[in-house]
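Please look over the sequence and the structure below.

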Amino acid sequence: MTENKVILVTGGSRGIGENIVKELAKQGHKVILNYNKSEEKAKKIKKELEIDNYQIEIFRADVTKREEVSNMIKFCIKTFGKIDVLINNAGISQIKMFTDITNEDWENMIQTNLTSCFYTIQEALKYMINEKNGCIINISSIWGTIGGSCEVHYSAAKAGLQGMTKALAKELGPSNIRVNCIAPGIIDTDMNSKLNEQDIENIKEEIPLEKIGKPENITCCVKWLIEDEYTTGQTIQINGGWAV
Ligand code: NDP
């Protein structure tokens, strides 16, 4: 088992983030769950984990707002004295023809899925660089790697995250800070709740492993990236073979 770390997970109230929070807390890490709108869910997760004496705090911050992100990192330092791992998981998606995307849709997508990571990483680095230690994991998407039709703004933001990861890995390597990306395929969460049964069946037919992923498939990789000390600048594809 790895040494206990202080880990911040953005968008930890639901889906993939929720699973990451729960599993890392159960490994003995000190976890801060960031949420924005799902306050009741965040409180419920904290309560559940605290019954078993796991260490968890929750913090509401809209990751698209620099000041709220800055306050969240300060809270992390005040509460646990440091930040070892930052997991940029918060995100939104939208399915729309490129010609129908409005300025507002575009801004919202880039702000939530890409600019938010500029904010969280810059704020976290204020502490990580001094420590000469850190691990940053960005949750991108298969569409950031191969492009998704009717998700151009989402694909652009997630591709941006992959570029940011590579560049940061080079810049931060000498400070002993590792930066990696995970690019999930389709994972069973609220994000895909608009897909009907037939849509899901059609997608399964395109996936060599013939199934939809689960949040724990992503958590498994997150745990490994936290533990391994020689991987940086990578985008790890977890998609059942959907894009090979
Ligand atoms: P969900 O829709 O289930 O959950 C999204 C999470 O992001 C929620 O916890 C939500 O918090 C949080 N969030 C959204 N906007 C903000 C914001 N402005 N500030 C803070 N938190 C915010 O999504 P998933 O769990 O499916 O997705 C997690 C990540 O994985 C995303 O980055 C997504 O793009 C990526 N991904 C998902 C795939 C999938 O098939 N599910 C495939 C590929 C990538 P709250 O409810 O509290 O507002």
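How far is an oxygen atom of the ligand from an N or O atom in the side chain of K158? The distance is 2.9 Å. That pair is a polar contact, a pair of N or O atoms within 3.5 Å; within protein, one must be able to donate a hydrogen and the other to accept it, and residues adjacent in sequence count only if both atoms are side-chain atoms. The protein covers 94% of the 890 Å² of accessible area that the ligand has on its own. Accessible areas come from the Shrake-Rupley method with a 1.4 Å probe, and for residues only the protein chains shown count as cover.

This is a predicted model, in which local features need pLDDT of at least 70, side-chain atom pairs count only at pLDDT 80 or more, and totals for chains, interfaces and linings use all residues. Residues are numbered from 1 along each chain as its sequence is written, and side-chain values use heavy atoms, with hydrogens and water left out.

**Ligand site**

| Residue | Part of residue | Distance to a ligand oxygen |
|---|---|---|
| G11 | backbone | 3.1 Å |
| N36 | backbone | 2.9 Å |
| K158 | side chain | 2.9 Å |

Around the ligand there are 31 residues, and S13, S38, N89, Y154 and T189 come nearest. A residue counts as near if one of its heavy atoms lies within 4 Å. By class, the shell holds eleven nonpolar, 15 polar and five charged residues. Here Ala, Val, Leu, Ile, Met, Phe, Trp, Tyr, Cys and Pro are nonpolar, Asp, Glu, Lys and Arg are charged, and the others, Gly among them, are polar.

**Helix α4**

Helix α4 covers residues 103–131. Helices are DSSP runs (H or I, at least four residues), and strands likewise (E, at least two), numbered from the N terminus. At 1.5 Å a residue, its 29 residues should span 42 Å; the end C-alpha atoms are 40 Å apart, which agrees. The expected span is 1.5 Å times one less than the number of residues.

K126 sits in α4. This lysine is partly exposed, at 49% relative accessible area. Buried means under 20%, exposed over 50%, partly exposed in between (1.4 Å probe, protein chains only). The side chain of K126 makes a polar contact with that of E123, at 2.9 Å. Just after α4, K132 takes a positive phi of about 50°.

**N239**

N239 lies in the segment after β7 (235–238). Its relative accessible area is 9%, so N239 is buried. The N239 side chain reaches the backbone nitrogen of G241 at 2.8 Å.
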